Amino acid sequence: MIKVFDDNYFMRQAILEAEKAYELGEIPVGAVVVANERIIARAHNNTEQLTDVTAHAEIIALTAAASFLGNKYLEDCTLYVTLEPCAMCAGALAWAKLGRLVYGASDDKRGFMQFGKRMLHPKTKVEFGIMMEESKILMTNFFRDRRKMV
C-alpha cells in the first residue's frame, strides 16, 4: 500500500512555504505543522515583512497550530521545517512540548544542534535530512542572488 502523506510529502509542503519566503526577499525557510496526517499550520520566514527578528517560520507555525488546536502543547504534532531551527526556535519547540521535529538542511552556523538535542523537550523525536538537497539549493540560490544585488 502506498502512503500518500509521508515525510517527503509534508517536507515538500514546507519547501513550498520556503519558496514563498524567497519571493518576498525573506531567508527561504518554510514550515508546516501536522497532526493526524493533516496540515494544521503553514508558515515561512517573515522577519523583513514584519520587521520582527522573532518572525521565524517555526515560531509563526507554532503559534498558528496552538491557536488551531486551542492548546499551547503540541505533543501529538510534527513540525516539518526546511532548515535546522535556531536556538530561539528550539526553545519555543521545547516549551510547546513538540512531539516530533523533522528538518531538511543542517545549519552549522546557527542551528540548535551545536548545543545538542537537550535544547528540545526530552520526549521530542528528531529526524533530519529529509529533502536536504532541495532545502540547501533554495538557501544557496537565495544568498547567491543577494550577493548579486549588492
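1. A salt bridge is taken here as a side-chain nitrogen of Lys or Arg within 4 Å of a carboxyl oxygen of Asp or Glu. Under that criterion, Asp-145 and Arg-144 form a salt bridge, with 3.0 Å between the closest N and O atoms. The search of the whole structure finds 4 salt bridges.

2. The model is predicted: local features need pLDDT of at least 70 and side-chain atom pairs count only at pLDDT 80 or more, whereas totals for chains, interfaces and linings use all residues. Residues are numbered from 1 along each chain as its sequence is written, and side-chain values use heavy atoms, with hydrogens and water left out.

3. Asp-7 and Arg-100 meet through their side chains in a salt bridge of 2.7 Å, N to O. This pair links distant parts of the chain, 93 residues apart: Asp-7 belongs to helix 1 (residues 7-23) and Arg-100 to strand 4 (residues 100-105). Helices (H or I, at least four residues) and strands (E, at least two) are DSSP runs, numbered from the N terminus.

4. Arg-100 also forms a salt bridge with Glu-127, the closest N and O atoms lying 2.9 Å apart. Because Arg-100 is in strand 4 and Glu-127 in strand 5 (residues 125-128), the pair ties together parts 27 residues apart in sequence.

5. Concerning accessibility, buried means under 20% relative accessible area, exposed over 50%, and partly exposed in between (1.4 Å probe, protein chains only). Arg-100, at 18%, therefore counts as buried, and Asp-7 is buried too. Glu-127, at 33%, counts as partly exposed.

6. Asp-145 is partly exposed at 25%, as is Arg-144 at 35%. Salt bridges that share partners join Asp-7, Arg-100 and Glu-127 into one network.
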